[in-house]
Amino acid sequence: MSREVHSGPTDETQARGTPYSGDPEGGAGLPPEQLDKLPLDSWHRSKGGRMVPFAGYEMPVQYEGIIAEHLWTRENAGLFDVSHMGQLFIHGRAVAAALERFMPGDFQAAKDMKPKYSLLLNEEGGIIDDLMATRRGEDFYVVVNGATKHGDIAYMERRLPGEVVIDHMRSQALLALQGPKAAEVLDAAIPGVAQLGFMEAGPFRAFGHPLWISRSGYTGEDGFEISIPAMAAQDLADWLVADERVKPIGLGARDSLRLEAGLPLYGHDLDDRTTPVMAGLTFAINKRRRAEGGFAGAMRIMAELQNGAPQLRVGFEVEGRQPVREGALVLDGEGNDVGKITSGGFSPSLQRPIAMGHVATGLAEPGTALKLEQRGKLFDARVAAMPFVPHRYHRKGAA
Amino acid sequence: MSLYFTKEHEWIRVEGDTATIGISNHAQEQLGDIVFAEVPDAGRRLSKGQEAAVVESVKAASDVYAPVSGEVIEGNQAVADDPALVNTDPEGQGWFFKLKLDNPGELDGLMDEASYRDWIKTL
């Protein structure tokens, strides 16, 4: 049997946007001592987590198996350790206006404790990272991707005025509890969290420590992301998995869940040559900012908003059972290269292969029949509306 | 009957001049949930080391090589229809294909079961 070809986020090459070929461990030949350990490293191992290199950390890719963990999260509640992500606290004079230099959101009018999805942009309008930013009083709490966090900090520090400071909250762990039973489970430990609506956040206390909890996630399910001092993370994790509705979930299922939810993964579906318009993320460009511009890459992005982008990020439903993965080519009826697959795999919920990729704008309509080419083999595929599996967020005011 | 293993984590069960080939329990554990398998058609000629079958898990795609040369007698349709069989019974019903051996001498130098089980402990 050959060495396996990886697809998806189990290695630290993700930030470079190149598919990685390696062994089943995602080994990448890096000696373990060069990898950082999560605060819950020994906890993951004690739960049977298979640890792989990812974003410079040893992280659990799975415990009992990706499909079982995926389906558990869709039906119950899954606990994810995403402490590799960068948690930043950005503060100082006129911080909101300063953040608007390289992000297209309206930070000046941002409401307190309402997380906003935003994009860190380069001068060409390419995406350096995607992130969540939340106003906390006069300051901003920002969560960026793990593999890109050091570059993000350096980029922002170069562009922020001297009076704005980024604190990298290295002593905070980040846990996510996701799934239809997440709210009832978490509210028993931390009364009041169930009062949050989707994309609302606030300060809480539990296990003798202050927590910051937002109702958000990366699975398409209802759920929470919990910032907690690393020293208290194990108490919370133990408390949660003691509940029979909760199981620990690895990176493998995190990837298949977010793919079904149509959510892009930085370094794969997004990179520094992809603009927000190409990525189909124009909702992250605020109305006032569209009118005023004044953010990195605004010229190009505003032109693309007006005239369209040459290519778009779309979903694909693939015929047959064989997964088509990152790196496969997208071909039109004449065999012309019209795009590429940026994420792909087998959907545990739909029991079929699905994929995400970039395709020429004229071919991006859902239903468009295209071919995908992988390792010399052609697959029939159709452009599909995303999400593949409907989101089930807890929106206030909705039933 | 003799059972051999390769460093590519494939097993070969030999009865007379017929070899049945699959992937080891260690291999399926490493792959995780298997969602796709493609097996060769009867009559196909395979030389040693040639790509013979495909196995894909949620995370990874792999080729299964012909560990010895020969003509395919049968591909395991049960595995193509239900790839999870490779997870549940990798060294039994989850076999991939059967070959008529060209040259039994090619089996020389392969590991026996005890050597293989010892070797994977060192990985």
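**Notebook: chain A, predicted model**

I started at A:Ala55, which counts as buried because 25 C-beta neighbours lie inside 10 Å. The cut-off for buried is 20 or more. I note here that the model is a predicted one. A:Ala55 sits in the loop between strand S3 (50–54) and strand S4 (57–62) of chain A. I looked up its phi and found a value near 55 degrees, positive although the residue is not glycine.

I then turned to A:Ala94. Its phi is also positive, near 55 degrees, again in a residue other than glycine. This alanine lies in the loop between strand S6 (86–92) and helix H3 (95–99) of chain A. Is A:Ala94 buried or partly exposed? I counted 13 C-beta neighbours inside 10 Å, so A:Ala94 is partly exposed.

**Whole chain**

I listed nine helices and 21 strands. The C-alpha atoms fill a box of roughly 65 × 50 × 50 Å along the principal axes. The radius of gyration is 20 Å. For 399 residues, a compact globule would come near 21 Å, so the value for chain A agrees. I noted that 52% of the 399 residues count as buried. I also checked contacts between residues at least 6 apart in sequence. Of these, 66% join residues at least 24 apart.

**The six-stranded sheet**

I traced one open sheet of six strands in chain A. The order is S12-S13-S14-S11-S5-S15, and the pairing is mixed. Which strands form the edges? They are strand S12 (201–206) and strand S15 (246–248) of chain A, each pairing on one side only. The twist averages 25 degrees from one strand to the next.

I looked at what packs on this sheet. Helix H5 (residues 182–189) of chain A does, and it touches S5, strand S11 (172–178), S12, strand S14 (223–229) and S15. The direction of H5 makes about 135 degrees with that of S11(A).

I picked out A:Gly78, whose bridge partner in S15(A) is A:Lys247.

A:Ala206 has A:His209 as its bridge partner in S13(A). The hairpin of S12(A) and S13(A) has two residues between the strands. In this hairpin, A:Phe207 takes a positive phi near 55 degrees.

**A:Leu120**

I moved on to A:Leu120, in strand S7 (residues 116–121) of chain A. It counts as buried because I find 27 C-beta neighbours inside 10 Å. What does A:Leu120 touch, leaving out residues up to four places away in sequence? I listed A:Phe102, A:Met103, A:Ile128, A:Asp129, A:Leu131, A:Asp152 and A:Tyr155.

**A cis bond**

Last, I checked a peptide bond. The one from A:Met386 to A:Pro387 is cis, with omega near 0 degrees. A:Pro387 lies in the segment after strand S21 (377–384) of chain A.

Key: Residues are numbered from 1 along each chain as its sequence is written. Chains are lettered from A and ligands numbered from 1 in the order in which they are written. This is a predicted model: local features need pLDDT of at least 70, side-chain atom pairs count only at pLDDT 80 or more; totals for chains, interfaces and linings use all residues. Two strands pair if DSSP finds at least two bridges between them. Helices (H or I, at least four residues) and strands (E, at least two) are DSSP runs, numbered from the N terminus. Axes are lines fitted to C-alpha atoms, for helices over the stretch in contact, and angles run from 0 to 180 degrees between N-to-C directions. Two residues are in contact if their C-beta atoms, placed from the backbone, lie within 7 Å. The radius of gyration is taken over C-alpha atoms; the globule rule is 2.2 Å times the number of residues to the power 0.38. A residue is buried if 20 or more other C-beta atoms lie within 10 Å of its own, exposed if 12 or fewer, and partly exposed in between; C-beta atoms are placed from the backbone.
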